[in-house]
4 protein chains.
Amino acid sequence: MSAFFGELMQTIARRGRRLLGRQRDTKAFVDGDQKPLAELCADLISIRGEASGVALSARILRRYAALDDAGRLAFFEALVYGFGPDAHRLERAVRDWRAAPDYATASALHLAAEPRRLELLRRLNLAAGGTAALVAMRAELMALLPQHTDFRVVDQDFVHLFASWFNRGFLVLRRIDWSTSANILEKIIKYECVHEIRSWDDLRRRIDPPDRRCYAFFHPALIDEPLIFIEIALDTEIAGAIEPILSTGRWPADADKLTTAIFYSISNCQKGLAGVSFGNFLIKQVVEEVSQDFPQLSAFVTLSPVPGFAAWLKQERSSDSSVCLSEADRKALATIDRPSWWRDDDASGQVEKSLCAAAAYYFLRARNRQGLPLDPVARFHLGNGARLEHICFRADVSDKGLKQSHGIMVNYLYDREEIDSNHEAFSVGRVIVASHMVKNLVPALSSREMTVQSN
Amino acid sequence: MSAFFGELMQTIARRGRRLLGRQRDTKAFVDGDQKPLAELCADLISIRGEASGVALSARILRRYAALDDAGRLAFFEALVYGFGPDAHRLERAVRDWRAAPDYATASALHLAAEPRRLELLRRLNLAAGGTAALVAMRAELMALLPQHTDFRVVDQDFVHLFASWFNRGFLVLRRIDWSTSANILEKIIKYECVHEIRSWDDLRRRIDPPDRRCYAFFHPALIDEPLIFIEIALDTEIAGAIEPILSTGRWPADADKLTTAIFYSISNCQKGLAGVSFGNFLIKQVVEEVSQDFPQLSAFVTLSPVPGFAAWLKQERSSDSSVCLSEADRKALATIDRPSWWRDDDASGQVEKSLCAAAAYYFLRARNRQGLPLDPVARFHLGNGARLEHICFRADVSDKGLKQSHGIMVNYLYDREEIDSNHEAFSVGRVIVASHMVKNLVPALSSREMTVQSN
Amino acid sequence: MSAFFGELMQTIARRGRRLLGRQRDTKAFVDGDQKPLAELCADLISIRGEASGVALSARILRRYAALDDAGRLAFFEALVYGFGPDAHRLERAVRDWRAAPDYATASALHLAAEPRRLELLRRLNLAAGGTAALVAMRAELMALLPQHTDFRVVDQDFVHLFASWFNRGFLVLRRIDWSTSANILEKIIKYECVHEIRSWDDLRRRIDPPDRRCYAFFHPALIDEPLIFIEIALDTEIAGAIEPILSTGRWPADADKLTTAIFYSISNCQKGLAGVSFGNFLIKQVVEEVSQDFPQLSAFVTLSPVPGFAAWLKQERSSDSSVCLSEADRKALATIDRPSWWRDDDASGQVEKSLCAAAAYYFLRARNRQGLPLDPVARFHLGNGARLEHICFRADVSDKGLKQSHGIMVNYLYDREEIDSNHEAFSVGRVIVASHMVKNLVPALSSREMTVQSN
Amino acid sequence: MSAFFGELMQTIARRGRRLLGRQRDTKAFVDGDQKPLAELCADLISIRGEASGVALSARILRRYAALDDAGRLAFFEALVYGFGPDAHRLERAVRDWRAAPDYATASALHLAAEPRRLELLRRLNLAAGGTAALVAMRAELMALLPQHTDFRVVDQDFVHLFASWFNRGFLVLRRIDWSTSANILEKIIKYECVHEIRSWDDLRRRIDPPDRRCYAFFHPALIDEPLIFIEIALDTEIAGAIEPILSTGRWPADADKLTTAIFYSISNCQKGLAGVSFGNFLIKQVVEEVSQDFPQLSAFVTLSPVPGFAAWLKQERSSDSSVCLSEADRKALATIDRPSWWRDDDASGQVEKSLCAAAAYYFLRARNRQGLPLDPVARFHLGNGARLEHICFRADVSDKGLKQSHGIMVNYLYDREEIDSNHEAFSVGRVIVASHMVKNLVPALSSREMTVQSN
């Protein structure tokens, strides 16, 4: 029934878009709607008839969309204070549980403690385009969190709900290529956040050649909206710099000689889904897909940015007590204060060893309070079971690359044989699995030292 | 992007079916897998790496599928007693909430009270075909509930989860017709539970003629599986009997003269989704679809069975204190004890008035403890905002029809103008909205009397 | 763009069906249309504006569809006598060509000799559903050919046109399985002409099990209509009888042990496309498809009927001068005159050798005037490059099988290494390539003798 | 079965693209293939086995693709001289026809006169991608026609074949919008030949806004390749200039106020299909589609270029005997020799009347030898049944617009009530149907004079 099923889904997509279209012209309607929004919300969760709920949900979402900043603040406050759990019912459930703490009273307690806004959000999802509206609503909520810490409980509820709706079992992996529709491709251009896509030609160079791949996750309820995507270069060796990959003049590699898949960019698309992670799952599924198409591939590596390195190094260089920099290192590193030092091969030669050693130290020894690496990208890939394979010098000499990491990038290697054990070692013992080449850059580093005691 | 989207969905469907195919041959693997199932489940919710979770989820579901009855009992017991909330964490949250009962401690309490089996079920959904497997698992659980009331907490958790996953916002309405694929059509044959479909020809007569329609709800995660479907006859008047609708020899009505859509069968397909209601929503959406195709339609009615009538009437007839049956009625009703009375027009003439009056009483006055009608089908349609329009004598003279309701069927009418107010009247005031014709069958019945005070 | 393309094609399909629907109610319109049909046809080829032609084409086809037998005869007569080439123009072209017979005058002659009905048929194709209507028209024409030999020129023009439109480059091979839509499946049931499909269950047994395959050719202009299809059993050895293949109780063969694809039924679906052959092309493409799915297959054979054998044998037995039957053979063959002889193992044992030898003679030596085998199925497969591999005794004991060939069936083997040379040998030298086993059944047969001189 | 059908077509598309992909790497193979190409062609039409023909067709097309200029010349010469009709057979057919000129001998003559290259081209179409290859082949042939008039017979055969294959009954109209795939959209950019599309943003402005439409014809055998497309602006009045339509800053018109569909660009995409006209058919079908979406539209007009006007006017101005230009006109028209005259409102005011009058004369009176308008675009639209509605001054002040028509554009109006009669009047009587406004620009012009006698 795949054809039937496909058409079924097109039905959703078409209907969804048609309904969204209709909603454009509803300003007049909204203006004349005098009932307070919070009251409408209370109505929505009190009615039993679900189908009436569809119209009411749509009405609430339209009203929400028309709110100004003050209105939105008031709305979220109502969610916090007006749509928590029923206090009486909860008190009663707590009493029952205290009296007889068993599985049944615990279950009743769980239900009693559920804030009513969860049901509200579930019902708002009944409206056409509801899921997208709720994802957008949460993105707006997140922007207010720093100033309004009391909104956090609402944010938790969003995450709770989205984790269920966007369960990885419901996600669909799709290849993005030059036969993908323009409205999706323009989102790829817009959402790319690692190496900016500057034009449609630039995009085409990344998805159309036979040695390039791009994959994205989609969800049936978010029409035409990628959730996360990954860009891949297939090559004859592990890439040590980004420029050759994005270069305009290059020639596709010979299909027979491809040995390596290089994941050079992963971008999340939906701010409102922050905290509902897909990346790990995406990488593993893409490794499967690419392996099927190119069985001869022997290595799956990333070419990843090192966003925290420059800031960390600055601190180390300014600190007298840094244990990771020798006097010689400090002297050599002075070079990177000169503009365009990386264009000068001599200067680069002087700085390379010290800079790479510092980077290795940054990855292997510098830890946060949980005993995890300082670098967020490192935490992501090492947590997924990858190995830190290689530190790449002068690998990203874009302004951004120089600023955040003095041009350093790294390769994380996904070896299907070791992913599980690496993941275990990292998550249980905080072990950072790295290649000998990287480890040798930090002279005294024994494998014992890599394990950091924590909590 | 609807085409893209459609193909995207085909991707899911194909992949899903491929993976399910692979799982067939895993008996050997399962046999050699010695770790206790509950331990595997504990592993699954403890691991952080989600992608490893996919393999583990699949393994658990395969192991579950291979269990015998005793094994399944043990598994569900483990879910009840071994995967409730963390008692210490819950105790702490209760203490905090008692100390300072605010929105934040309530939220923490809600999280602490969540049984761990919810996370387990969410992770089991990661496996290919996971959703279908979990729906099947709950169907098996339900079969055990009468003997194992302690399993109810698990059942509640299933319902909680399914209500979120099968949120009506994610359902897709699709027309079922003669161009639908055979593997779906055979499910329509199998799942029809009101008027049995006896053959492919019988099916074709219900979905192919221009004056017939069938619609079903689907969910993206349950490939090729209808959740619920409805069969519709378009006609020139309100049908008062089922036989002409299902007749083999009939001629399609003239398209220009159609005035009425008759919903003569609604069937739920997935036992495991009991309690997650779609019917209300389905009817309203189908009314919209059919109205678009046939703008000239003026009436949307059901032709519905009355499953509880015969049992109730038997009780009334055997009770000396029945207030609804006069002596004349009792005498007239004796006719229905004769086999094949309905074939005899004279006999039928004698019984008609009393039988219909009794039915009217059954609908309008007989109530359960909540003050709702005794008849479950009546509760469903009246709760949706329909009106009890007509009582149909000798309307279903199949064995089943005679046995459950002495051949009586009824029309519930969906009038788009009154649906909301009817629903409101029914759910708030227990008012049973009925036509004058029906009300007049119960002589002394004033509209005031129709409202029954209840809790 | 395959998704786009797919949707594009759905567009045709939907539009086509919608328009066909509209045409149902046009009887009234047709009745009021007084202009003679042939005049409308003349109008159609005289107008330059193509779009006006669409309406006129549709009108002509509707008028044609409403004709009675006499009307149809008159219509075809008009095509023969009224829509030939322009005589003056043709005479002039002949004169020019005679005066200067070169490539340019020949080309002009070709154009001048084109009967105007070809342009008429091309323009009739403009109407929605035009292609299907023309295929049906030719089927009706063919039925009249035996009585109306002058219609043959029109038939030739149909073939000429259809050969161009149904060029094999435009055909699409599609697998038919249990997820195919019911309206196509019912056509498979209807069009099967080798081994009747008795029910939907019978159909399912042929297309759903993992060791069964069915493929059909479709053409974009004939919506939902298969042109030809083939049924395949995958098995662990070459099948020697049809009953085990169609049996209701069988168990699918183990996928790992499959070695052989048995093509046990090929059916043409469109009478109106007779003479536009697809079968050869279908077999070769199906061999490719099946080989991709099951690379381990080593043999591709048919299990084919022998439709002309019983008639031929009867003639030989009644002829005193037959050289192929010895006295012993004649005696042994008497057995087959007894009803149900094939149920009796002893009787069967007596007849087997003589019957198979006669069959071998029938294939290898009996020839028609062109020096080709008498058996039409043999001509088809041998002409495709197959080898006559095996003569199967008691292989089809259905009434039809006994009647046409005394239960004999044969395997033709498609060996990809020899297809081209076999085809060459057959079409050039009339060589019937057969296995040693078959050849040995005709004692004196040397390979030299297999070649029959023919004009 | 539309979903099935859609998937069926995706199958073609995918397979087609896969096979085309394979053919890329066949250079080595081609180089080693020594048999002369014409011999391969002769083989192809002599073999009976069609499936062997597939491989051979593919081989010939690869060989053809690798030819240099000289090779291509030789190939086409072989088609002219080596693949004409069989001379003996033709001579015999001519003799038979002369002896007894009836429908049967005429039919035989037609078949005998068919050049063998037609069968060759039909068989070449068997190869995957064959249709596209043949369309490309004819484009190359056309480029050689001016120097090689003897190739014209081959060109005629291509047209004959393509007219049959690309029968309008097989074409599919599809809307092009922002959800169309990028590989098709880039072809729209490339093939636009009236008003150049300068970027993806420019494209988006033409297809994405709610008051813009674009439609294209596709053929199932030419995957992802539009044949012809049309760009449409919906507006509140008939547009008199192109710039506002293509402007970057404009705001979509209010959907409720749209009254007019303006066809401002029609582009043929496939050079090799020149002479197989689709434009007429496209316009009529698009009028239907757009009318369905926007029933309130009351006018369908073009905004068309006037490619021949400037050249014609130059001639008139240089000729002393011109009857259409008065002395005052000549003086006024001197203005247009000044660069950028159109920027100057005063200068424009002086020239407007004379220039528009000259244009009216150009359309209404200037005729070619067949009595048809000189302007090719006028011949196209008037031949389709449109009316010349309005002459637009300073309507296209691009370099191209000024050069070809001094900025003049015109509106042709398609009035569904008059299309047929206009078409008839034009094609039979050479009547140029024009609005009063246009006719009044040529003072003495009576409707009688508009009719030009011609053979």
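Which are the buried residues of helix α18 of chain C? To find out, open this predicted model and select residues 376-383 of chain C, the span of helix α18. The buried residues there are A378(C), H381(C) and L382(C). Now look down the axis of α18(C): these buried residues fall within an arc of 95 degrees, so they line one face of the helix. An α-helix has 3.6 residues a turn, so residues three or four places apart point the same way.

Next, show what covers that face. The cover over the buried residues of α18(C) includes the strands β5 (299-302), β6 (387-392) and β7 (409-413) of chain C. Helices α17 (345-364) and α20 (419-429) of chain C are also among the covering elements. Then step past the end of the helix to G385(C), which follows α18(C) and has a positive phi, near 100 degrees.

Switch to chain A and colour by secondary structure. Chain A has 21 helices and 7 strands. Of its 455 residues, 45% are buried. Among contacts in chain A with a separation of 6 or more, 69% join residues 24 or more positions apart.

Finish in chain D by selecting Y191(D), which lies in helix α11 (residues 182-191). Is Y191(D) buried or partly exposed? With 19 other C-beta atoms within 10 Å, Y191(D) is partly exposed, because a buried residue needs 20 or more. Leaving aside neighbours within four places in sequence, Y191(D) is in contact with P226(D), S267(D) and C269(D).

Notes: Residues are numbered from 1 along each chain as its sequence is written. Chains are lettered from A and ligands numbered from 1 in the order in which they are written. This is a predicted model: local features need pLDDT of at least 70, side-chain atom pairs count only at pLDDT 80 or more; totals for chains, interfaces and linings use all residues. A residue is buried if 20 or more other C-beta atoms lie within 10 Å of its own, exposed if 12 or fewer, and partly exposed in between; C-beta atoms are placed from the backbone. Helices (H or I, at least four residues) and strands (E, at least two) are DSSP runs, numbered from the N terminus. The arc is that of the directions from the helix axis to the C-beta atoms. Two residues are in contact if their C-beta atoms, placed from the backbone, lie within 7 Å.
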